[in-house]
Amino acid sequence: MADYELTGKTVLVTGGAGFIGSHVVDHLIDKGASVVVFDNLSSGRMEFIEHHLDSDDLTMIRGDLLDTDAIDAACKGVDMVFHLAANPDVRLGAVDTRVHYDQNITATDKLL
Ligand SMILES: NC(=O)c1ccc[n+]([C@@H]2O[C@H](COP(=O)([O-])OP(=O)(O)OC[C@H]3O[C@@H](n4cnc5c(N)ncnc54)[C@H](O)[C@@H]3O)[C@@H](O)[C@H]2O)c1
């Protein structure tokens, strides 16, 4: 990431209110990017990004990656995407593969 010039860039971070995503948001804003967070808050927390909410550098969109229109709109004008939205509960996949299929595979396919 250090090789990219981020000043003036708009970066979409899916799952930006999550554990990993919120740290990526901090880094991107620190490097001069404008960040659009797209997150359904299923496991993310607004408190992870609330320190940016008064800033023009962050736009928060509460939306679900399974909603094609919502993610399509969120991608408008974006230069770069970090895709960190997921259901990271590995154990759940052992009992219910459908959740991981929808949240990790179908969601990624819709984003792409
Ligand atoms: N936390 C770790 O130590 C770790 C280590 C290795 C890999 N990872 C991977 O990094 C990714 C993120 O993990 P994390 O720990 O930040 O998890 P997290 O649960 O904290 O973050 C995931 C974010 O995605 C959002 N989200 C989930 N489904 C969504 C959907 N359909 N639409 C929009 N937003 C959605 C959640 O609300 C949450 O904010 C996962 O793929 C995970 O497997 C995490």
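This is a predicted model: local features need pLDDT of at least 70, side-chain atom pairs count only at pLDDT 80 or more; totals for chains, interfaces and linings use all residues.
**Overall fold**

The secondary structure of the protein chain comprises four helices and four strands, and, read from the N terminus, these elements follow the order β-α-β-β-α-β-α-α. The radius of gyration of the chain is 14 Å, close to the 13 Å that the globule rule gives for 112 residues, so the chain is as compact as a globular protein of that length. Taken along the principal axes, the box filled by the C-alpha atoms is roughly 45 × 25 × 25 Å. Of the 112 residues in the chain, 28% are buried, and among contacts with a separation of 6 or more, 59% are between residues 24 or more positions apart.

**The nonpolar core**

The largest nonpolar core has 20 residues, of which Val13, Val35 and Val37 touch the most other members. At least two residues of this core come from each of β1, α1, β2 and α2, with β2 giving the most, namely four residues.

| Element | Residues |
|---|---|
| β1 | 10–14 |
| α1 | 19–30 |
| β2 | 34–39 |
| α2 | 68–74 |

Once neighbours within four places in sequence are set aside, Val37 is in contact with Val13, Gly16, Ala17, Val25, Ile49, Leu58, Met60 and Ile61.

Leu111 has its place in helix α4. With 18 other C-beta atoms within 10 Å, Leu111 is partly exposed, because a residue counts as buried when 20 or more such atoms lie within that distance and as exposed when there are 12 or fewer. Not counting residues up to four places away in sequence, Leu111 touches Thr14, Leu65, Ile71 and His83. Arg98 and Leu111 are 13 residues apart in sequence, and their C-alpha atoms are 18 Å apart in space.

Definitions and conventions. Residues are numbered from 1 along each chain as its sequence is written. A nonpolar core is a set of buried Ala, Val, Leu, Ile, Met, Phe, Trp, Tyr and Cys residues joined through C-beta atoms within 7 Å. Two residues are in contact if their C-beta atoms, placed from the backbone, lie within 7 Å. The radius of gyration is taken over C-alpha atoms; the globule rule is 2.2 Å times the number of residues to the power 0.38.
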